[in-house]
Amino acid sequence: MLKSYAIEDLRAGMVVGRDVMDESANILVGSGTVMTKELIYNLLDRPIFKVYIEEEEAVIDIPGNEFLLDDDYIACYNEVYHKLEHMFLALSERGEFDAAELQAIMDEKNFRELCDGAKAVSQIHNMTREGSVLVNHCLHVGILAGLMGKWLNWSVLDQYNLVIAGLFLDLGKMRISKDILDKKGRLTPEEFDMVKKHTQFGHDMIGMTTLSANRDIMEGVLQHHERCDGSGYPHNLTKDQISRFGRVLAILDIYDAMAGDRVFAKRRSPFDVFVILYDDIVNGKLDTEYGVLFIKNLCHALNGNWVQLSNGERGRIVYIDESRVTSLPVVQTTRGEFIDLNSTRSVKIDSILTAREISV
């Protein structure tokens with residue numbers, strides 16, 4: 001790797017990487033020459049301003065899985081995942097609801113671990129989603145809801161209820177044919193109309209449980225596809241008609257659906273999703289206060305994550321300017337190069353890498 005040095009910064013022992021020429025194109029110091037004090041003094045007397053020196057590339061080791069995945073976090077996630085999956089099946093197949101099982105899921109230890117700030121964001125991106133796409137998505141939204149409740153400084157009870165609403169967000173999809181949910185091509189209008197019924201289905205299923213008395217949870221599940229401009233479903237509500245839970249969950253649902261692998265599309269870079277969210281905020285579809293707060297806080301929590309770049313390289317996010325909502329990060333590649341993606345538009349982040357992808 002070539003690096004340019006001012007003459008006064010040269011040191012004996014440096015290796016010249018490109019011929020140094022005078023004003024008449026005569027070679028003064030050839031490529032490959034080891035610099036000495038005498039050569040440096042000679043160059044100081046000439047109208048030469050920089051010399052290219054050959055330097056070894058600094059190679060940054062990508063850490064192994066043991067440094068990227070937290071065993072305690074993964075164990076807790078898997079335990080809650082299996083309990084949530086069991087609860088979904090019991091509700092959808094037999095109409096059974098076990099309040100004690102929900103209490104076990106909502107155990108303080110579980111969500112203190114799962115909603116632990118930047119670690120939570122890092123872990124849900126580093127993990128490979130295995131098992132049910134639906135259950136993973138609902139659990140991720142529940143985790144993001146736990147983070148969002150803290151960022152909003154809501155009461156402990158409101159945080160608790162927001163997490164539950166996030167966990168049951170897409171429960172209604174259990175009543176929709178897997179052929180439709182797993183379809184890779186474009187849905188027909190009739191199929192899309194069926195998918196849109198999942199919010200009402202979920203609301204009705206929860207309505208048969210002891211959670212039916214909790215208006216915040218019921219409205220959050222029913223309204224998470226409503227949009228502030230009235231373009232959402234199922235009731236085309238406008239901002240002042242949508243509950244705060246509905247407006248928050250709309251943002252979390254969009255983010256996780258796009259940032260995670262889906263049946264019909266590969267996951268996107270979180271920073272691409274932020275642009276989509278911000279466009280929807282500017283266009284009046286999503287709540288401004290909740291949307292900007294979410295983007296800023298999640299952006300901050302992504303610092304340190306490993307990414308796949310569009311030029312084929314891998315790197316780690318080392319800095320994000322938090323003064324702008326749509327600011328892009330500075331990434332340090334495995335070659336030690338720093339790329340400011342705000343000014344280097346030819347390179348972008350394709351995705352956050354999972355620990356499994358990094359180790360390949």
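This is a predicted model: local features need pLDDT of at least 70, side-chain atom pairs count only at pLDDT 80 or more; totals for chains, interfaces and linings use all residues.
Local features were considered at pLDDT of at least 70 and side-chain atom pairs at pLDDT 80 or more, whereas totals for chains, interfaces and linings use all residues. Residues are numbered from 1 along each chain as its sequence is written, and side-chain values rest on heavy atoms, with hydrogens and water left out.

Helices (DSSP runs of H or I, at least four residues) and strands (runs of E, at least two) are numbered from the N terminus. Axes are lines fitted to C-alpha atoms, for helices over the stretch in contact, and angles run from 0 to 180 degrees between N-to-C directions. Angles under 35 degrees are termed roughly parallel, those over 145 roughly antiparallel, those of 65 to 115 roughly perpendicular, and the rest oblique. Helix α7 (residues 133–151) and helix α15 (residues 288–301) have axes that come within 11 Å and cross at roughly 105°, which makes α7 roughly perpendicular to α15. In this pair, Leu 144, Met 148 and Trp 151 of α7 are in contact (heavy atoms within 4.5 Å) with Tyr 290, Leu 293, Phe 294, Asn 297 and Leu 298 of α15. The residues of this contact comprise seven nonpolar, one polar and no charged; here Ala, Val, Leu, Ile, Met, Phe, Trp, Tyr, Cys and Pro count as nonpolar, Asp, Glu, Lys and Arg as charged, and the others, Gly among them, as polar.

Helix α10 (residues 189–196) packs against helix α11 (residues 198–207) at an angle of about 30°, with the axes 5 Å apart. The two helices, α10 and α11, are therefore roughly parallel to each other. Met 194, Val 195 and Lys 196 of α10 meet His 198, Thr 199 and Phe 201 of α11, a contact whose residues divide into three nonpolar, two polar and one charged.

Strands were taken as paired if DSSP finds at least two bridges between them. An open sheet is formed by five strands in the order β8-β7-β6-β5-β9, with antiparallel pairing.

Tyr 5 has Val 51 of β4 as its bridge partner. In a regular strand, side chains alternate between the two faces of the sheet. Strand β4 (residues 50–54) has a covered face formed by Val 51 and Ile 53, and an uncovered face formed by Lys 50, Tyr 52 and Glu 54.

Burial was assigned from relative accessible area (buried under 20%, exposed over 50%, partly exposed in between; 1.4 Å probe, protein chains only). A nonpolar core is a set of buried Ala, Val, Leu, Ile, Met, Phe, Trp, Tyr and Cys residues joined through side-chain atoms within 4.5 Å. The largest such core has 83 residues, and Phe 168, Leu 277 and Phe 294 have the most contacts inside it. Helix α7 supplies the largest share of this core, 11 residues. Residues up to four places away in sequence aside, Phe 168 touches Met 87, Phe 88, Leu 91, Phe 97, Leu 102, Ile 206, Leu 211 and Val 221. A second, separate core of 13 residues includes Tyr 5, Ile 7, Leu 10 and Met 14.

Asp 170, in the loop between α8 (156–167) and α9 (178–181), is buried at a relative accessible area of 2%. Neighbours within four places in sequence aside, Asp 170 is in contact with Leu 134, His 137, Cys 138, His 198, His 224 and Asp 253.

The loop between α12 (215–223) and α13 (244–259) contains Pro 234, and the peptide bond from Tyr 233 to Pro 234 is cis, with omega near 15°. Asn 236 lies in the loop between α12 and α13; its phi is near 50°, a positive value in a residue other than glycine, and Asn 236 is partly exposed at 48% relative accessibility. A positive phi, near 60°, is also found for Asn 153, which is placed in the loop between α7 and α8 and is exposed at 68% relative accessibility.

Pro 47, in the loop between α1 (37–44) and β4, is exposed with a relative accessible area of 55%. Pro 47 and Asp 22 are 25 residues apart in sequence and 7.9 Å apart in space, C-alpha to C-alpha.
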